[in-house]
Each structure stands twice: as C-alpha cells, then as structure tokens.
Amino acid sequence: IILAVAASLPLRLLLFYLCSLLLLFIFTGLLANALLPGDSSPLFLSLPPLRFPQLSKVLHKTLLKSRSFLADAGPLFLAAGAFISLLNYTSGFSVLHRWLLPLTDGMLHLPPQAVTLLLMCLIKRDLGAAYLFSMIARGMLSPVQITVCLITTTLFVPCFASLAVLAKEQGAAAAAALWLFSLLLAF
C-alpha cells in the first residue's frame, strides 16, 4: 500500500521520499558502525537439493508452524487486544490523541486525523497504511503532506506484534532502544 501511494506522487516528491530513506539508511548504518564497531561474519549460503514437495509433509509442517505461532503470538495478541480495549473504554485513545497532536499538527504540519494514522501504525502497520490510503482517497492530504506521512510511517516504530517478537528474540532493552530510536528517526 505504501509503495502504491508513493507511486502516485509527483516525480520530484517520489524522488525526495526515496532519497530521504536512502540517506537515512546510510546515516544510520554509519552511526551503527561507529557505535558498534566490529567485523561482520562472512556469509555462507548452502542450498539444499530442490525436490518437489509432498503434500502430506507440507500440511504437517504447516500445522506444526501454525501451532507454534499461535502458542507464541496468541497471548501477545490477547494482551494487545485487552490493552486496546482498555484504551477504548477509558478514553485512553483521546488522551493519546491530545498528546500526539502537537507532533502531527505542529511539527509535521499534518491534519489532526494523522494522529489516528500513527496510532493505527502502532497497533498494526497494515492498518496504518490502509488508513493513509483512505485519507488520500478522501482528499485530506496534499502531495507534500502525503510525502511527510510516507516518510514518517515508513520509519515509524514497529507495531506491537513486531516489537513483541523483537523483545523475545533480542531482549526487552534492545527492543526498547530500537523503539525509541525509530520513533526519534521517524519524526
């Protein structure tokens, strides 16, 4: 969805979007190299022999992977759903909306509905991209504002599910550091 939106931009804004991302990635790579020096390990790829898959083995492996995913992600999705419901019933979204409004309206010069876009990206990135598309379809954003939204949502913090997986794999401190760094970088 983000690429479809980017493709609809005038050429100069599309190039600005792509160059902004490229420069930010180069900058963060250089910064990471300076802060975390060391040698990279060599990349070895070994390809297994290619065979035609057997349906029974594909179904069995799919069942095992699905069961494992539900065991890992199920509690996280339930907790995130409960948290979102709590925010919804306690007017927490309204409070978050008021807190984020100075960033979107003042700093990024976006309409107030952009706060909802950021909250959707926090919950699930796909929802944020779909909401961005609907904002554009309703004519709520100028081409420059679309470019700002694209840069911000592309670099914005990982959604709750990605953050939970990152915390599980890298630890809570690394996940929090990445979350904070990507939040600062996006704005």
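Biologist: Quick one to start: which helix is T28 found in?
Modeller: T28 sits in helix α2, which covers residues 11–35. Bear in mind that this is a predicted model.

Biologist: OK. Is T28 buried or exposed?
Modeller: Buried, because its relative accessible area is 17% and the cut-off for buried is under 20%.

Biologist: Staying on α2, what about I26? Where does that one lie?
Modeller: I26 is in helix α2 as well, but I26 is partly exposed, with a relative accessible area of 44%. I26 also belongs to a nonpolar surface patch with L22, L23 and L30. Together those four have about 420 Å² of accessible area.

Biologist: Let's zoom out. How many helices and strands does the protein have?
Modeller: Nine helices and zero strands. Along the sequence the pattern reads α-α-α-α-α-α-α-α-α.

Biologist: What box do the C-alpha atoms fill?
Modeller: Roughly 55 × 45 × 35 Å, taken along the principal axes. The accessible surface of the protein is about 12800 Å², and carbon and sulfur atoms own 72% of that.

Biologist: What share of the residues is buried?
Modeller: 25% of the 187 residues. As for contacts with a separation of 6 or more, 66% of them come from residues 24 or more positions apart.

Biologist: Now the largest nonpolar core. Which residues touch the most other members?
Modeller: L117, L132, L150 and F156, out of 28 residues in that core. Helices α1 (2–7), α2, α5 (114–123), α6 (125–137) and α7 (143–155) each put in at least two residues. The biggest giver is α5, with seven residues.

Biologist: Take F156, then. What is it in contact with beyond its neighbours within four places in sequence?
Modeller: F156 is in contact with L118, C121, L122 and R125, plus S182, L183, A186 and F187.

Biologist: Back to α7. What span does that helix reach from its first C-alpha to its last?
Modeller: 18 Å over 13 residues, close to the 18 Å expected at 1.5 Å a residue.

Biologist: Which α7 residues are buried, and what do they pack against?
Modeller: The buried ones are Q145, I146, T147, C149, L150, I151, T152, T153 and L155. They pack against α1, α2, α5, α6 and α9 (172–186).

Biologist: Which loop does M140 lie in?
Modeller: The one between α6 and α7. M140 is partly exposed, at a relative accessible area of 22%. Leaving aside neighbours within four places in sequence, M140 is in contact with P111, Q113, M135 and Q145. M140 and Q113 are 27 residues apart along the chain, and their C-alpha atoms are separated by 8.7 Å.

Biologist: Backbone check: what is the phi of S91?
Modeller: Positive, about 65 degrees, although S91 is not a glycine. That's worth a look because most residues other than glycine have a negative phi. S91 is placed in the loop between α3 (55–89) and α4 (92–107), and S91 is partly exposed at 42% relative accessible area.

Biologist: And H109, what's its phi?
Modeller: About 55 degrees, again positive, and H109 is not a glycine. H109 lies in the loop between α4 and α5.

Biologist: Why does H109 count as exposed?
Modeller: Because its relative accessibility is 56%, and exposed means over 50%.

Definitions and conventions:
Residues numbered from 1 in each chain as written. Predicted model: local features only at pLDDT ≥ 70, side-chain atom pairs only at ≥ 80, totals over all residues. Heavy atoms only, no water. Helix = DSSP H or I, 4+ residues; strand = E, 2+ residues; numbered from the N terminus. Buried < 20%, exposed > 50% of the residue type's maximum accessible area, 1.4 Å probe, protein only. Core = buried A, V, L, I, M, F, W, Y, C linked by side-chain atoms within 4.5 Å. Contact = heavy atoms within 4.5 Å. Patch = residues over 30% accessible without salt bridge, like charges linked within 9 Å, V, L, I, M, F, W, Y side chains within 5 Å. Areas by Shrake-Rupley, 256 points an atom, 1.4 Å probe, with all protein chains shown as cover. Salt bridge = Lys/Arg side-chain N within 4 Å of Asp/Glu carboxyl O. Expected span 1.5 Å × (residues − 1).
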